[in-house]
Amino acid sequence: MTTIIDGKQVAASVIDAVKSAARELEQDAGVKTGLAVVIVGDDPASHAYVSSKSRMAKECGFTSIQHTLPEETTQEELAALVQTLNADDTIHGILVQLPLPKHLNSEPIIQSILPEKDVDGLHVVNAGKLATGDLDGGLISCTPAGAMVLVRGIHGDDLSGLNAVVIGRSNLFGKPMAALLVNANATVTTAHSRTKDLAAVCRNADILVAAVGRPEMVKADWVKPGATVIDVGINRVLAPEKGEGKSRLVGDVAFEECAKVAGAITPVPGGVGPMTIAMLMANTVIAAYRKSGRKAPKF
Ligand SMILES: Nc1nc(=O)c2c([nH]1)NC[C@@H]1CN(c3ccc(C(=O)N[C@@H](CCC(=O)O)C(=O)O)cc3)C=[N+]21
């Protein structure tokens with residue numbers, strides 16, 4: 001029987017642990033965990049994600065501040081807001097929602113966030129700590145961290161002897177995911193658009209992680225029988241069967257056919273997505289613990 005990995009349920013247990021940690025920090029140290037989310041422009045999908053992040057932060061007992069800036073915001077104005085949040089002692093985590101409008105350059109903005117407040121784990125200091133195996137010193141990018149919690153739920157902490165294939169090599173996901181897997185002793189291949197015979201490479205994977213951004217690209221014959229398949233894709237596709245102009249979410253994995261071959265597989269929605277938000281909350285409370293000089297909990 002194939003295990004359908006319930007990301008919503010795992011995320012809910014992470015959120016419970018975050019809530020207890022935040023409550024303890026407030027009782028013991030009088031510190032209320034604070035998250036600031038910055039969004040520029042009016043892309044509806046980005047606004048939907050940001051409201052669920054703000055809602056979840058409140059549910060965790062955090063102070064949650066949302067800065068909604070107009071589309072015409074300049075690079076200097078956005079940079080100034082980040083500086084203000086860097087200097088604000090009540091804010092432990094800063095997230096600038098990506099992508100930014102085209103006239104803004106996200107890289108200098110991300111790199112100007114204090115590494116200890118970079119709850120997205122995108123600052124080079126945090127990326128560098130992960131790359132050098134310092135997993136407890138920095139903050140780890142939320143989506144790979146969440147995907148890793150799901151992998152651990154199936155295989156445990158030690159992936160010795162297992163082949164893992166990550167499709168995708170972005171700084172946002174593929175690279176940090178490969179680093180986490182190798183750190184857990186997996187034998188890791190990073191595949192991408194220039195990989196020769198991608199299907200054959202994937203068929204070798206005991207753990208197959210897809211983050212390509214192409215709807216349902218991974219087919220059943222790419223999956224090794226019994227493999228664990230983690231689908232990081234979120235693609236909105238037209239769904240005429242639901243009515244004219246309606247859409248549905250699909251991953252990068254053709255779920256129905258791959259579920260017949262896999263040992264365990266994440267659905268979309270309800271897989272990695274909810275874990276991303278849960279790990280953002282985890283990173284924020286970790287940042288608050290460190291700031292107060294206390295040993296941060298692990299999630
Ligand atoms: N600075 C920054 N950090 C991010 O972490 C970040 C970002 N920018 N920009 C956009 C992406 C996307 N992202 C998601 C978070 C949760 C779900 C999620 O909860 N998805 C639900 C369903 C959502 C729905 O129904 O639309 C699920 O998969 O079950 C999805 C996507 C975070 N991102």
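## Model and numbering

Residues are numbered from 1 along each chain as its sequence is written. Because the model is predicted, local features need pLDDT of at least 70 and side-chain atom pairs count only at pLDDT 80 or more, while totals for chains, interfaces and linings use all residues.

## Domains

The domain assignment of the protein gives domain 1 (28–115) and domain 2 (142–274); such bounds come from an automatic or database domain assignment. Taken over C-alpha atoms, the centres of domain 1 and domain 2 are separated by 28 Å.

UniProt, in an unreviewed entry, lists residues 141–290 as "domain: Tetrahydrofolate dehydrogenase/cyclohydrolase NAD(P)-binding". UniProt positions are given here in the numbering used for this model, feature names are shortened, and annotations may be inferred rather than shown by experiment. The span 141–290 is 36% helix and 19% strand, and its end C-alpha atoms lie 17 Å apart. Helices (H or I, at least four residues) and strands (E, at least two) are DSSP runs, numbered from the N terminus.

## The six-stranded sheet

Strands of a sheet pair through backbone hydrogen bonds, either parallel or antiparallel. Here, two strands pair if DSSP finds at least two bridges between them. An open sheet has six strands in the order E1-E11-E8-E7-E5-E6, with parallel pairing. Strand E1 (3–4) and strand E6 (187–191) are at the edges with a single partner strand each, so one side of each has no neighbour in the sheet. Two bridges link E8 and strand E11 (residues 264–265) in the parallel sense, and Val229 has Ile265 as its bridge partner in E11.

Strand E5 contains Val166. Val166 counts as buried because it has 30 C-beta neighbours inside 10 Å. A residue is buried if 20 or more other C-beta atoms lie within 10 Å of its own, exposed if 12 or fewer, and partly exposed in between, with C-beta atoms placed from the backbone. Not counting residues up to four places away in sequence, Val166 touches several residues, including Met177, Val188 and Val209; contact means that the C-beta atoms, placed from the backbone, lie within 7 Å.

## Two annotated residues

The UniProt annotation "binding site", from an unreviewed entry, covers Gly168, Arg169, Ser170 and Ile234. Gly168 is in the loop between strand E5 (163–167) and helix H7 (174–183). Gly168 is buried because 22 other C-beta atoms lie within 10 Å. Leaving aside neighbours within four places in sequence, its contacts are Phe173, Gly174, His192, Ala211 and Val212.

Ile234 is in the loop between strand E8 (228–231) and strand E9 (235–238). Ile234 has 20 C-beta neighbours inside 10 Å and therefore counts as buried. Beyond four places in sequence, Ile234 touches Leu249, Gly251, Val268 and Gly273.

## Around the ligand

Of the 16 residues around the ligand, Leu98, Pro269, Gly270, Gly273 and Thr276 come nearest; a residue is near a molecule or strand if its C-beta atom, placed from the backbone, lies within 6 Å of it. The shell draws at least three residues from each of domain 1 and domain 2. Strand E4 (93–96) and helix H10 (272–291) each supply at least two residues, and H10 gives the most, with four. By class, the shell has eleven nonpolar, four polar and one charged residues. Ala, Val, Leu, Ile, Met, Phe, Trp, Tyr, Cys and Pro count as nonpolar, Asp, Glu, Lys and Arg as charged, and the others, Gly among them, as polar.

In E4, Gly93 and Leu95 on one side and Ile94 and Val96 on the other are all buried. Strand E2 (residues 34–40) runs parallel to E4 and is joined to E4 by four bridges.

Definitions and conventions:
Two residues are in contact if their C-beta atoms, placed from the backbone, lie within 7 Å.
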